[in-house]
Amino acid sequence: MRATRAACFDLDDTLFDHRGAARAGVRRFLGDLGVDVDEAVLAAWTRAEDEQYERWRSGAISFPEQRRERLRIVLPPLGVTLPADDAGLDDLFDDYLAAYRDAWRVFPDVVPLLRTLRERGYRIGLLTNGSEAQQLEKLAWTGLDAAFDAVCISERIGVQKPDPRAFTILAERLRVDPQACVFVGDDPEKDVQGARRAAMHAVLVDRAEPGAPDLATVVETALDAG
């Protein structure tokens, strides 16, 4: 086994608290529309987001359309009358985006870990599926835009996790052999299995599971194994 030279990460719900920001954003957005937001409503929003995002990721619909579809699915059953045209739906979704952005943050353990990895001489990479504009905005907003030696976003590189080619591209841009990379993510298939198919050592971080190992422990254990 090659000595580990690079630590690579997924973004959403690994370094960046997407679920927390989305829940806070939905509470404010729907609350402003007069909706009583409970766990069932939050679950419906999350389910619609996951389903429509996957439709965009597969190429079935455009990125703006997956946003509109989320509104069409979630809001009418809650008694909210939708705008009649796409422009109105886009304006309405912008209200959600404003609330979502206001809640953007990285998990508290992220910056100290990345700083430590840098000091120890590891190359640091990021591989994320998603819209290039929004993912870059997240990095700039949270101050992570200068934290990585290579940033690969699926929309830009033309291939998405779990395709092993995405991980290979990241390794190439880090100028490191894939076997010398540890990849950390929150999705067992897209992150862990995809990275392993590219010959990386991959580990799972579970931010939602009480008592699960924290990010630093997960990373340190993986680096020690390498």
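Guide: Helix 1, residues 18-32, contains 15 residues and spans 21 Å from first to last C-alpha, close to the 21 Å expected at 1.5 Å a residue; the expected span is 1.5 Å times one less than the number of residues. Helices (H or I, at least four residues) and strands (E, at least two) are DSSP runs numbered from the N terminus. The model is predicted: local features need pLDDT of at least 70, side-chain atom pairs count only at pLDDT 80 or more, and totals for chains, interfaces and linings use all residues. Residues are numbered from 1 along each chain as its sequence is written, and side-chain values use heavy atoms, without hydrogens and water.

Visitor: Which residues of helix 1 are buried?

Guide: Buried means under 20% relative accessible area, with a 1.4 Å probe and protein chains only. In helix 1 these residues are His-18, Ala-21, Ala-22, Gly-25, Val-26, Phe-29 and Leu-30. Seen down the helix axis, they fall within an arc of 140° (from the directions from the axis to the C-beta atoms), so they line one face of helix 1.

Visitor: Against which helices do the buried residues of helix 1 pack?

Guide: Contact means heavy atoms within 4.5 Å. The partners are helix 2 (39-57), helix 3 (63-74) and helix 4 (86-102).

Visitor: In what order do the five strands form the open sheet?

Guide: Two strands pair if DSSP finds at least two bridges between them. Here the order is 3-2-1-4-5, with parallel pairing. Strand 3 (150-153) and strand 5 (201-204) are the edge strands, each pairing on one side only.

Methods. Buried < 20%, exposed > 50% of the residue type's maximum accessible area, 1.4 Å probe, protein only.
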